[in-house]
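Hi everyone, thanks for coming.

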Amino acid sequence: MAPVLDALQVTLDDEQRQRCAAYMGMLSHWNATYNLTALRDAPDMFTHHLSDCLTVLPHLAKHLAMAPGEAAAGVVGQQGGALRAAPAVRLLDVGSGGGLPGVLLAIARPDVQVCCVDTVGKKAAFIRQVAAELRLPNLRAEHARVEDLNSRHDIVTSRAFASLADFVALTRERLAPGGVWMAMKGKSPDEEQAVLPDDVEVFHVEPLQVPGLDAERCLVWMRVRG
């Protein structure tokens, strides 16, 4: 894992690294009976899942550092002379499957409240087990259709979940005011961008280089105009 983190310039402490390794072990073990991922080979799971998801961390960190408001900045404010902690950033991982990327983001960013939602009950159960075994109080799972949730989130993300237009349509009501969509895609989805609603803008497309994986990846950032 160290070469991947070095290549991405991502810093994780020993406990976080151990949790990442433990999660991949659980994913491989549960996959035999729960069909959490189509990949079965451990090296493939490492590059196509672990490395692929960790690649977004520097970009997420940059967004959180630049985002306006106390919740995004993670600062502590003062009210009535008393210090008060800023609310944690809320991130929703849609169609999370076995917890990709939500579990790894929760491990790497304990300051972010991560909710993974999936329509398959056994996948949500697996993520709950991961949260319990790895002691991740900032991680939870919902067995539901995303459109049936009633929560709002500062960041809504997905990994190869649907077209950009469908992703936006299904999750628009889950996006908090001022929130953003962070879509993990393969090659730059120019045709998908062209059919987005008029009030949704793509404000950044970042190419991603996944260590050990020779494939196109990008991160598409979107928001409601105005």
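Asp 111 has a relative accessibility of 40%, so it counts as partly exposed. On that scale, buried means under 20% relative accessible area, exposed means over 50%, and partly exposed is in between, using a 1.4 Å probe and protein chains only.

Quick housekeeping: this is a predicted model, so local features need pLDDT of at least 70 and side-chain atom pairs count only at pLDDT 80 or more, while totals for chains, interfaces and linings use all residues. Residues are numbered from 1 along each chain as its sequence is written, and side-chain values use heavy atoms, with hydrogens and water left out.

Okay, back to Asp 111. What does it pair with? Arg 109 forms a salt bridge with it, and the closest N and O atoms are 2.7 Å apart. By salt bridge I mean a side-chain nitrogen of Lys or Arg within 4 Å of a carboxyl oxygen of Asp or Glu. The general idea is that side chains of opposite charge can pair when their charged atoms come close. Searching the whole structure turns up 15 salt bridges.

Here's another: Arg 159 with Asp 52, where the closest N and O atoms are 2.9 Å apart. That pair ties together distant parts of the chain, since Arg 159 is in strand 6 and Asp 52 is in helix 3 (residues 42-54), 107 residues apart. Buried or exposed? Both Arg 159 and Asp 52 are buried. When I say helix or strand, I mean DSSP runs numbered from the N terminus: H or I of at least four residues for helices, E of at least two for strands.

Then there's Glu 192, whose side chain meets that of Lys 185 in a salt bridge, 3.0 Å from N to O. Glu 192 is partly exposed because its relative accessibility is 24%, whereas Lys 185, at 12%, counts as buried. Salt bridges with shared partners also join Glu 15, Arg 19 and Arg 135 into one network.

Staying with strand 6 (residues 153-159), have a look at Asp 154, which is found there. Its side chain reaches the backbone nitrogen of Arg 90 at 2.8 Å. Leaving out residues up to four places away in sequence, Asp 154 touches several others, including Ala 88, Leu 175 and Val 180; touching here means heavy atoms within 4.5 Å.

Now for helix 4, residues 57-66. Which of its residues are buried? Those are Leu 57, His 59, Leu 60, His 63 and Leu 64. They sit on the same side of helix 4 because they cover an arc of only 165° around the axis, taking directions from the helix axis to the C-beta atoms. The face turned away from that buried side carries the exposed residues Ala 65 and Met 66.

On to strands. Strand 9 (residues 217-224) runs antiparallel to strand 7 (residues 175-185), joined by five bridges, and Trp 181 has Met 222 as its bridge partner in strand 9. Strand 8 (residues 200-208) also pairs with strand 9 in the antiparallel sense, over eight bridges; pairing takes at least two DSSP bridges between two strands. Leu 208 stands opposite Arg 217 there.

How values were computed: A polar contact is a pair of N or O atoms within 3.5 Å; within protein, one must be able to donate a hydrogen and the other to accept it, and residues adjacent in sequence count only if both atoms are side-chain atoms.
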